[in-house]
Amino acid sequence: MAQTINQIANRYEIISLVGQGGMADVYKAQDTILNRIVAIKILRQKLSEDPMTLVRFQREASAASRLSHPNVVDIYDVGEYNGMHYIVMEFIRGRTLKELIGLRGPLSVDEAVHIMRQLTSAIAHAHEHNIIHRDIKPQNILVKDDGTIKITDFGIAVANDAVQLTLNNAVMGSAHYLAPETAQGKDPDPKIDIYSMGIVFYELLTGSVPFQGKTPTEIAIKHLREPIPFVRDFNPGIPQSIENIVLKATAKNPVERYDSASDMLYELMHYNDISNRNVQRVTFKSQPVSNVEIDDDGYVKVEYEKPKKATKKPKRSFVPYVLGALGTIIAIVLMFMIASLTGLIRFSGFLGYQTMPEVVSLTQEEALNVLEDANFDTSNVEIKEDVSDKFDEGLVISANYDEGEIIPGDADIVLTISKGPSFLVEDYTSRSLSEVQAELQAKGVTLNIEVEYQGAKDMDPGIILEQSGLNPGDRIDPDANETIKFVVSEYPTITIPYDLIGKDVNEAQAELNALGIAVLPIQQEGGSGSNIVVAVSPDVGSEYTQEGTDSVVTLYYD
């Protein structure tokens, strides 16, 4: 339970408790002198009486204060107040990386790489200052609202020349991210941090840690015995160069890992270079484990399988075997030659066959260079263009052969290049035809517009009444000159009915108004008051167009 604290060192006013760890509580506080918000980590009162815990706490302050890096939490102050040992540090508004993974699940490759570049840069900086973190995990990585990460909790960090705290100090840390050699009680070196960063990278890409277990010991044994799962089995869209970084960072044998965090950072910066786009999966030789035990000190003891010695066999006459094998080889060679010449069997680099490289997402120039490097005749390459909402303009969308397919070196390869995004057809009804035409022209869209005019009352001419051929939401090639049909309003035109003569003027006016025609009724001078239409202007039987409010049909009535 957290201590009730209001103020530290007559300077830091406690605002709220924001976190609790294994040995300390973390508070949000106000620095009354510099007028800024800070985080204060306060060692629990009972633990401050334990010399080992106190040394760990002081070591965290010492290690972090020696570092100055944008991705390491800044230490402002260290001290003791009324028997309370405290560290004042930068207050980070955001959440832990573990919380982010819990909310989001697997991150995209770009997001994961962005985070790992920051983390690896910070750890490389720590290693340059002779500091090994030893507890790298998402819980100790804070993510600010702008995406910047800050690594914290150097509580079990150790300098290469520092003394060990306890016999079991070497196995401190979190089991899910623990390097195999750490569980074996070997002295820590920078490569244990590289292993932990590889596990963090795996978790960013898949949303979970590679090894699960009921106890820390069970998890540690899995780190020793079981190969790390391939991230591309979880998501085939992850580049092989990214998976290779995870595999190399988490190699069981430290010798096969990156020599330094800086080397790992370099590969994170260059994973998408052209030279890394067609790499093969890296493999490592690992000696099989025959037995795992836990000794009295809590270390994991590993026994490896010994290579079997070859046993001598009695000498035999090999002449019959040689003759039989020779005949079999000749038959196989003949079958192979026939199958190869007929194209039934294809081998890359043999009889003019080559392996199709990955060209999708490359520029046209890059794709042609890659094909040429793979010994293809680029004069046979045909370039087509198509719209793409996934690939930027100028990048290869697809090829007519799949990556890895073995095809003739002079094959007719068709590369489809993105000409940019498709065009989203909108709902153009109730808009002016001239306005829509101007808008399409401004956006560079070529359409075959078919217009049918229809008289419409109480509406300005040129308004789109109906749309067909291309519907709202359709996506089209803006250069394809596809057909869209519009029904467009125009002034109503009628033939003035003959039967208006002799009708009641109000009935005649209603009939014309229903057709969208403006009417001016005029009673003849000296009329009888019968309200019967006796004349129309323009004359009945003539064609009349209602042009706005500037024209009317005049009804003369008695």
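Before we start, a word on names: helices (H or I, at least four residues) and strands (E, at least two) are DSSP runs, numbered from the N terminus. With that in hand, select N375, which sits in the loop between helix 11 (364-373) and strand 15 (382-386). Keep in mind that everything you see is a predicted model.

**Stop 1**

Most residues other than glycine have a negative phi. Is N375 buried or exposed? Its relative accessibility is 53%, so N375 counts as exposed, the cut-off being over 50%.

Now jump to N531, in the loop between strand 25 (519-523) and strand 26. N531 also has a positive phi, near 65°. With a relative accessible area of 28%, N531 is partly exposed.

**Stop 1: a cis peptide bond**

Select S537 and P538 together. The peptide bond from S537 to P538 is cis, with omega near 0°. Most peptide bonds are trans. You'll find P538 in the loop between strand 26 (533-537) and strand 27 (543-545).

**Stop 2: the whole chain**

Zoom out and show everything as a cartoon. How many helices and strands are there in the chain? The chain has 13 helices and 28 strands. Of its 558 residues, 39% are buried. Take the contacts with a separation of 6 or more: 65% of them join residues 24 or more positions apart.

**Stop 4**

Look at where strand 7 meets strand 9 (residues 141-144): the two pair in the antiparallel sense over three bridges.

**Stop 3: inside the cores**

In soluble globular proteins, nonpolar side chains tend to be buried together. Which residues have the most contacts inside the largest nonpolar core? They are L119 and F201, in a core of 55 residues. This core draws at least three residues from each of domain 1 (1-91) and domain 2 (94-302).

Show the side chain of L119 and what surrounds it. Leaving aside neighbours within four places in sequence, L119 is in contact with I136, I141, I149, I151, M197 and V200. Apart from this core lies another one of 15 residues, including M356, A367, F376 and I417.

Now step along to T120, which is in helix 3. T120 has 0% relative accessibility, so it counts as buried. Beyond its neighbours within four places in sequence, T120 is in contact with M197, A261, M264, L265 and L268.

**Stop 4: a residue from the record**

Finish at K41, which UniProt lists for "binding site" in an unreviewed entry. K41 is in strand 4 (residues 36-43). Its relative accessibility is 11%, so K41 counts as buried.

Technical notes: Residues numbered from 1 in each chain as written. Predicted model: local features only at pLDDT ≥ 70, side-chain atom pairs only at ≥ 80, totals over all residues. Heavy atoms only, no water. Pairing = 2+ DSSP bridges. Core = buried A, V, L, I, M, F, W, Y, C linked by side-chain atoms within 4.5 Å. Buried < 20%, exposed > 50% of the residue type's maximum accessible area, 1.4 Å probe, protein only. Domains from an automatic or database assignment. Contact = heavy atoms within 4.5 Å. UniProt positions renumbered as here; feature names shortened; annotations may be inferred.
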